[in-house]
Amino acid sequence: PVRYIAYFTVGTYLFTIFSALFLRGITCYRRFAYLQIITDCLLTSCLVFFTGGSQSIFTIIYFFPIISSAILLFRRGALLLAALTTFSYAAILAAEFLLPDLTLLRLGITPLNSIHVAMHYFSIRGLTFFLVAALSFILSERLHRAEAELSKTSQDLDRLALLYKQIFDDI
């Protein structure tokens with residue numbers, strides 16, 4: 001029902017607001033980033049589970065925490081979150097396959113009827129999650145390298161401008 005999605009959205013916004021308020025008191029931003037991104041993954045898992053499991057249109061939202069972890073936490077964070085996302089999706093598929101009457105029949109969605117279909121969904125999504133993580137941390141490393149080179153070039157340009165100014169002053 002739409003009201004549950006509204007409750008979920010409001011709860012997510014409240015969590016984000018409280019996280020932003022606690023941000024001033026945080027001393028270790030890396031731990032906070034891990035906590036925030038893992039919570040995002042778990043919230044995405046809840047959204048996927050309650051909107052159809054393997055047939056949910058919201059499985060693409062898993063990519064956003066993976067990409068943000070690659071940007072904030074580099075390789076280790078991206079791979080950790082890809083693994084967590086894969087395990088979360090596997091838990092959704094296991095619940096859908098092992099407990100079909102409890103999970104999906106009351107939502108009006110046909111459950112998985114074969115272990116082969118479940119393994120197909122798991123392998124495709126898991127591979128996709130890890131590919132997104134790999135591409136994200138490669139691009140993130142390139143971005144940070146380009147920023148460092150740009151900063152170095154800017155410092156060199158400032159030193160060169162100061163040298164030219166001193167030369168002109170001496171002339």
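Y62, F63, Y89 and F129 form one aromatic cluster. This is a predicted model, so local features need pLDDT of at least 70 and side-chain atom pairs count only at pLDDT 80 or more, while totals for chains, interfaces and linings use all residues. Residues are numbered from 1 along each chain as its sequence is written, and side-chain values use heavy atoms, with hydrogens and water left out.

Q: What makes F63 and F129 an aromatic pair, and what kind is it?
A: Rings of Phe, Tyr and Trp (its six-membered ring) pair if their centres lie within 6.5 Å; planes under 30 degrees apart are stacked, over 60 edge-to-face, and the rest tilted. F63 and F129 sit 5.9 Å centre to centre with 70° between the planes, which makes the pair edge-to-face. F63 is in helix α3 and F129 in helix α5 (residues 115-170), so the pair ties together parts 66 residues apart in sequence. Helices here are DSSP runs (H or I, at least four residues), numbered from the N terminus.

Q: What makes R75 and E141 a salt bridge?
A: The rule asks for a side-chain nitrogen of Lys or Arg within 4 Å of a carboxyl oxygen of Asp or Glu. The side chains of R75 and E141 meet at 3.4 Å, N to O, and pass. R75 lies in α3 and E141 in α5, so the bridge ties together parts that are 66 residues apart in sequence. By the rule, the structure's count comes to four salt bridges.

Q: Why is R75 called partly exposed?
A: Its relative accessible area is 42%, so R75 falls in the in-between class. E141, at 27%, is partly exposed as well.

Q: Why is D169 counted as exposed?
A: D169 has 54% relative accessibility, so the exposed label applies. Its side chain meets that of K165 in a salt bridge of 3.1 Å, N to O. K165 and D169 both lie in helix α5, four residues apart, about one turn of the helix.

Q: How do you know that the span of α2 agrees with its length?
A: The expected span is 1.5 Å times one less than the number of residues. The 22 residues of α2 should therefore span 32 Å, and its end C-alpha atoms are 31 Å apart, which agrees.

Q: What makes a space count as a cavity, and how many are there?
A: On a 1 Å grid over the protein atoms alone, a cavity is a set of points where a 1.4 Å probe fits but cannot get out; lining residues have an atom within 4 Å of a point. The count is one cavity of 30 Å³ or more. Among its lining residues are A33, Y34, S69 and G77. α3 gives the most to the lining, with five residues.

How values were computed:
1 Å grid on protein atoms, 1.4 Å probe; cavity = no way out; pocket = protein on both sides within 12 Å on 5 of 7 lines; lining within 4 Å. Points joined across faces, edges and corners; volume = space filled by probe spheres on them. Helix = DSSP H or I, 4+ residues; strand = E, 2+ residues; numbered from the N terminus. Buried < 20%, exposed > 50% of the residue type's maximum accessible area, 1.4 Å probe, protein only.
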